[in-house]
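Hi everyone, thanks for making time.

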Amino acid sequence: MVASSLGYDLVRDYSGQNFFDGWDFYGYWDNLTLSQVWWVNETRATAEHLAYVNDAGRAVLRVDNTTNLPPDMPNRDTIRLTTKDYYDFGSLWVFDATHMPYGCSVWPAFWTKGPNWPYDGEIDILEGINLMKDNQMAVHTTQGCTTSNSIQQTGTIGFTDCSKGSGCTVHETKANSFGEGFAQAGGGVWATQYDVAGIFIWFWSRADVPAELTNNASTIDTSTWGTPSAAFPVTPQCNVTQYFTPQQLVLDIALCGDWAGVQSIYSSSCPGTCNVTGPGSPAYDNAWFEVNYVRAYTTGGPAPTSTTAASGSGSTATVVVTTTSTDGSGASQTGTNRNDTSGAPSVRGGAVVGGLAVVVSVLAGMVLAASWSLA
């Protein structure tokens with residue numbers, strides 16, 4: 001089974017001087033992965049120069065590498081961003097970066113989540129730890145969704161039960177998808193199709209990025225992209241639409257925690273034990289994202305006009321409903337597979353983008369589902 005090849009129209013462009021306008025800063029400790037960080041609020045991020053747009057017009061998100069952190073202060077300042085908007089089925093998300101965080105204890109991720117974890121699903125588009133060289137993609141669901149080796153994808157399959165801690169994992173086989181190699185190659189681009197036919201993730205190193213993405217096209221046709229790196233199609237073993245709802249995009253940097261900091265994992269590539277205290281340099285000199293853009297497309301038509309309205313009002317791909325948080329934190333209890341605990345501020349509201357896109361995408365999904373049953 002292959003991805004749906006519908007045309008996608010640009011609805012959100014997070015880039016340039018306005019990059020941070022469409023995101024919330026978490027402003028709370030890491031209650032999701034139990035990593036040794038404080039995801040700072042926007043005021044603190046600006047003051048500490050941890051989130052800014054550089055002279056090249058690219059957004060930079062970084063770990064604090066200037067503080068000599070004493071042993072009694074085990075959490076280092078870093079960044080987590082979450083989009084104000086939610087994106088429904090019939091969406092395409094493109095993430096273009098020239099540099100990603102890497103190094104011992106470092107755990108960067110670009111991922112998505114629904115409003116009510118774990119019931120609304122999670123997609124890990126970019127994720128890795130420590131000195132890994134290859135990206136790991138995954139989906140997380142509640143019980144009942146599995147994947148298999150029969151699926152067409154260029155990546156290699158890992159765990160196959162999406163409800164387990166690691167989720168359903170796929171390991172990237174293309175070169176320079178993570179860490180130092182990614183930066184030396186000039187970065188790269190991920191595209192994720194979120195469709196009623198399934199979830200499909202492509203990766204291209206800088207030299208191989210498709211022309212419509214390098215040319216900043218406002219309409220995207222995925223039909224020429226070939227086999228995705230990771231594919232999670234609707235199958236008899238997993239109807240994706242039953243496990244996922246509209247998703248927010250998340251970009252963050254964690255340190256240590258319940259993947260990067262597990263001693264048996266950490267010691268396989270890094271010395272000693274995982275620890276963020278002491279001098280920030282040189283330990284975290286490479287722990288930063290440099291992002292050209294994040295763009296969201298839908299199958300529903302032209303770019304929307306933002307309006308403020310009650311969250312219960314109807315929305316389509318041409319009207320975006322936005323809501324405003326009273327605390328401004330953007331923190332949430334809805335995280336990921338990452339050991340969610342109590343005590344976080346309330347879920348941040350947002351828009352659902354792509355109502356009309358769902359209708360178009362459903363029609364395509366019906367055709368593809370029929371093709372699957374005949375295969």
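Predicted model: local features only at pLDDT ≥ 70, side-chain atom pairs only at ≥ 80, totals over all residues.

Let's begin with strand 13, which covers residues 136-140. How many of its five residues are buried? Five of the five, so to speak a mostly covered strand, because buried here stands for under 20% relative accessible area. Look at where the side chains go: Gln 136, Ala 138 and His 140 point one way, while Met 137 and Val 139 point the other way, and all are buried.

Now, what sits beside strand 13? On the list of partners we have strand 12, residues 122-127, joined to strand 13 by three bridges and running antiparallel to it. Within that pairing, Asp 124 stands opposite Ala 138. Strand 15, residues 168-171, is also antiparallel to strand 13, with four bridges between them. There you can find Met 137 opposite Val 170.

Okay, zooming out for a moment. The chain has 375 residues, and 55% of them count as buried. Six helices and 24 strands make it up on the secondary structure side. Among the contacts with a separation of 6 or more, 74% are between residues 24 or more positions apart. As for the surface, the chain exposes about 14,300 Å², and carbon and sulfur atoms supply 53% of that.

Strand 3 runs antiparallel to strand 4, residues 37-39, through two bridges. In that pair, Tyr 28 has Trp 39 as its bridge partner.

Most residues other than glycine have a negative phi, and most peptide bonds are trans. Which residues have a positive phi here? One of them is Leu 34, with phi near 55 degrees. Leu 34 is in the loop between strand 3 and strand 4, and it's partly exposed, at 40% relative accessible area. Another is His 49, at about 60 degrees, in the loop between helix 1 (42-47) and strand 5 (51-53). His 49 is partly exposed too, with a relative accessible area of 46%.

And the peptide bond from Ser 281 to Pro 282 is cis, omega near 10 degrees. You'll find Pro 282 in the loop between helix 5 (263-266) and strand 21 (288-298).

Note on methods: Residues numbered from 1 in each chain as written. Heavy atoms only, no water. Buried < 20%, exposed > 50% of the residue type's maximum accessible area, 1.4 Å probe, protein only. Contact = heavy atoms within 4.5 Å. Areas by Shrake-Rupley, 256 points an atom, 1.4 Å probe, with all protein chains shown as cover. Pairing = 2+ DSSP bridges.
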